[in-house]
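Visitor: Can you take me through how the helices in this one sit together? Keep it simple, please.
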Amino acid sequence: HLSHSPAQMMWQRVVGGLSGAMSVGTGAYGAHGLKGKEGAYIKVYETGSRYQLVHSAILAATPAICGNSSRAGKIAGACFVTGIALFSGSCYAVALSEDRSVGKLAPVGGFALIGGWLSLAILRR
């Protein structure tokens with residue numbers, strides 16, 4: 001069993017915090033900057049922002065939940081970062097371009113988010 005320093009998991013807190021702050025900004029933009037967009041695209045944008053906020057919070061909390069040397073925490077963190085980028089990023093791209101064809105990576109991101117939650121639930125150190 002390898003021991004790792006707490007700093008090795010600190011990236012999750014930092015990235016989770018930055019992503020959470022970004023999601024507040026994207027939410028504000030969605031509330032004010034999407035005027036004139038079709039309602040369906042506004043909903044897609046809001047979904048991306050909501051999922052980013054929720055998963056940023058769990059990403060930031062992952063080291064506290066799993067411990068600093070946890071394999072589960074490292075895998076969950078990687079899954080959450082990948083999922084946020086691909087799922088929320090695809091939602092933002094679809095909404096801003098009003099073109100659903102640019103959202104093809106959203107399902108991959110969704111599966112990554114699911115993988116993060118499953119990592120927290122079933123993996124041991």
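Guide: Helix 2 passes helix 4 in a left-handed crossing, meaning that the near helix is turned anticlockwise from the far one by less than a right angle. This is a predicted model: local features need pLDDT of at least 70, side-chain atom pairs count only at pLDDT 80 or more, and totals for chains, interfaces and linings use all residues. Residues are numbered from 1 along each chain as its sequence is written, and side-chain values use heavy atoms, leaving out hydrogens and water.

Visitor: Which residues in helix 2 and helix 4 meet?
Guide: Tyr51, His55, Ile58, Thr62, Ile65 and Cys66 in helix 2 meet Leu113, Trp117 and Leu120 in helix 4. Contact means heavy atoms within 4.5 Å. Helices are DSSP runs (H or I, at least four residues), numbered from the N terminus.

Visitor: Changing topic, how many aromatic pairs are there?
Guide: The structure holds four. Rings of Phe, Tyr and Trp (its six-membered ring) pair if their centres lie within 6.5 Å; planes under 30 degrees apart count as stacked, over 60 as edge-to-face and the rest as tilted. The Tyr51 and Phe87 pair is tilted, because the planes are at 40°, with centres 4.9 Å apart.

Visitor: Where do Tyr51 and Phe87 lie?
Guide: Tyr51 lies in helix 2 and Phe87 in helix 3 (residues 71-97), so the pair ties together parts 36 residues apart in sequence.

Visitor: Is Phe87 buried or exposed?
Guide: Phe87 is buried, at 15% relative accessible area. Buried means under 20%, exposed over 50%, partly exposed in between (1.4 Å probe, protein chains only). Tyr51, at 34%, is partly exposed.

Notes: Helix = DSSP H or I, 4+ residues; strand = E, 2+ residues; numbered from the N terminus.
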